[in-house]
Amino acid sequence: MDEKKEYKNILKITSIFGYVQLVTLVSGIIRSKIAAFWLGAQGVGILGLLTSSISLIISLTSFGLPTSIIKLLSKEKSEDELSKKIYILNKILLALGLLGSLLLFLFAHHLSILTFNTADFTWAFRLLSISVLCRQFYLGYSSIFQATYKLKLLANVNAIASLIGILVTIPLYYFFKINGVFYNFLAVAIIEFSIVMIAFNRANYVKVIVDRSEIIKEAKPILKSSVTFSFTGFIALLSAYLVQIYISKEGSIQDVGIYVAAYTILNSYVGLIFIVMGNEYFPRIAQHNEDKNYLNTNVNRQLYLGTLLVLPLLMFLILLAPIVVRVLYSVGFEGSVEFVKISSIGLFFKVFSWTLGYVILVKGSNRFIVLNSLFYNSVFLTMHLIGFYFWGLLGVSIAFSIYYLIHFLGNLYSISKRFEFNINNQNVKYFLIFGLLILMNILISFFLESVITKNILIGITTVFISAWSFSRLIKMYK
């Protein structure tokens with residue numbers, strides 16, 4: 001397939017998830033606005049801590065299966081073998097989901113004290129134990145859809161779950177206030193589980209029966225290969241969790257709420273682009289990971305495409321950060337504005353570090369993946385804790401940006417040496433030019449006193465870059 005056709009194919013698949021992430025974005029905006037309006041910064045902080053702690057349990061007990069599924073199934077050509085593996089994965093998901101639910105129920109008291117410094121939320125963690133089982137199936141089935149290229153089905157599952165979820169959120173937050181955070185978390189998990197189960201049954205996978213002895217035999221290597229992804233996912237979530245815990249201890253729950261609000265804008269709204277791209281990009285390079293030339297070409301294409309998609313969003317975010325925070329949350333979250341602006345350049349660096357990181361996942365040895373993850377998450381945690389200790393949330397935003405620059409340069413060095421990857425001159429040029437342009441706009445927004453003048457200057461560059469990116473994307477698609 002020539003370059004133009006390849007880009008067009010990637011964009012077509014990406015556009016499938018684009019409309020879904022738009023639905024998710026709008027749903028997330030409504031949810032955040034409701035939480036901010038009825039619960040305030042404290043409620044958003046509790047939601048952030050709750051999400052991090054539950055995600056930690058899910059990651060610990062999933063054994064990295066969602067990621068491993070994509071590598072396992074994306075290269076499977078035989079329909080019979082695919083059906084057999086899906087049957088076995090079903091059984092593994094059930095076992096791991098029950099294990100996670102049991103662990104959360106048993107350690108609810110300890111988790112409540114660790115997370116909120118009180119045992120008052122023990123009941124909530126026990127109530128939410130069933131959500132672990134639901135999330136395991138949701139994540140597992142989503143990975144199966146992704147690996148088998150049932151991308152429209154996966155897109156519809158995400159869109160429907162987001163829309164129904166928002167209808168549940170409104171009454172639960174209204175009637176139960178802070179406690180509504182816990183009830184909503186459980187309700188959304190059950191909704192996601194129900195929808196993904198219906199979709200799975202309609203996916204027309206060939207149904208087979210595998211006897212117990214063969215399930216055990218096949219499950220062992222699958223779980224063994226998943227342990228690496230389990231560790232990397234767990235250590236990343238643990239680092240993020242510890243940062244939030246530290247902020248709540250050294251600062252307050254309100255500080256966590258402001259941090260979560262800013263982080264949500266960056267990673268859940270702008271970061272939706274990463275989800276959109278990852279749904280297509282990961283299985284594509286996993287399927288052809290032995291072909292060095294294919295990998296080089298496609299990683300460079302993804303860097304270019306990622307730059308075109310993310311750059312305009314970041315430019316507009318720097319320009320409109322005060323409005324974005326006010327619309328998504330409320331006046332009490334104005335502390336998030338500085339965080340969002342400074343961290344925008346970190347998100348630009350993340351486009352590059354994230355794209356190269358997938359090469360390590362599909363090509364690296366288990367030992368290298370684990371050591372790489374351990375090192376960078378240690379750097380992430382250390383930098384964020386030091387940043388908050390000395391400069392509060394401003395320090396955290398600076399740490400966020402510097403971390404992703406380090407992460408990109410480290411990943412580039414690693415895959416260049418180990419896998420003979422070469423980033424092309426075009427991507428190097430764009431990284432330097434647009435990185436400096438984003439930094440310039442951030443500095444203008446902070447140090448130029450005239451509000452009108454700085455908005456005009458940032459606005460001009462934003463419109464120019466957005467038009468340039470859009471024209472390139474249109475040219476690719478046509």
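How are helices α13 and α14 oriented relative to each other: roughly parallel or roughly antiparallel? I will open with that point, colleagues, and then turn to the rest of the structure. Please bear in mind that what we are viewing is a predicted model.

Helix α13 covers residues 336–363, and helix α14 covers residues 366–419. The two pack at an angle of about 25 degrees, and their axes are 8 Å apart. Because angles under 35 degrees count as roughly parallel, α13 and α14 are roughly parallel to each other. Their crossing is left-handed.

Let us stay with helix α14 for a moment. Leu394 lies in this helix. Its relative accessibility is 36%, so Leu394 counts as partly exposed. Leu394 also contributes to a nonpolar surface patch of about 810 Å².

Glu420 sits in the loop between α14 and α15, the latter being residues 425–447. Here the backbone deserves attention: phi of Glu420 is near 55 degrees, a positive value in a residue other than glycine. With a relative accessible area of 47%, Glu420 is partly exposed.

A second residue of this kind is Asn117. Although Asn117 is not a glycine, its phi is positive, at about 65 degrees. Where is Asn117 found? Its place is the loop between α4, residues 108–116, and α5, residues 122–127. Asn117 has 58% relative accessibility and therefore counts as exposed.

I now come to another helix pair, α3 and α6. In general, two packed helices are described by the angle between their axes and the distance between the axes. Helix α3 spans residues 79–106 and helix α6 spans residues 129–147; they pack at an angle of about 155 degrees, with axes 7 Å apart. That angle makes α3 roughly antiparallel to α6, since the cut-off for this description is over 145 degrees. The crossing of α3 and α6 is right-handed.

Within helix α6 we find Gln146. Is Gln146 buried or exposed? With a relative accessible area of 9%, Gln146 is buried.

To close, let me return to the two helix pairs. The pair α13 and α14 is roughly parallel, with a left-handed crossing; α3 is roughly antiparallel to α6, with a right-handed crossing. Thank you for your attention.

Technical notes: Residues are numbered from 1 along each chain as its sequence is written. This is a predicted model: local features need pLDDT of at least 70, side-chain atom pairs count only at pLDDT 80 or more; totals for chains, interfaces and linings use all residues. Side-chain values use heavy atoms; hydrogens and water are left out. Patches are made of residues with over 30% relative accessible area and no salt bridge: like charges are joined within 9 Å, nonpolar side chains (Val, Leu, Ile, Met, Phe, Trp, Tyr) within 5 Å. Accessible areas come from the Shrake-Rupley method with a 1.4 Å probe; for residues, only the protein chains shown count as cover. A salt bridge is a side-chain nitrogen of Lys or Arg within 4 Å of a carboxyl oxygen of Asp or Glu. Helices (H or I, at least four residues) and strands (E, at least two) are DSSP runs, numbered from the N terminus. Buried means under 20% relative accessible area, exposed over 50%, partly exposed in between (1.4 Å probe, protein chains only). Axes are lines fitted to C-alpha atoms, for helices over the stretch in contact, and angles run from 0 to 180 degrees between N-to-C directions. Angles under 35 degrees count as roughly parallel, over 145 as roughly antiparallel, 65 to 115 as roughly perpendicular and the rest as oblique. A crossing is left-handed if the near helix is turned anticlockwise from the far one by less than a right angle, and right-handed if clockwise.
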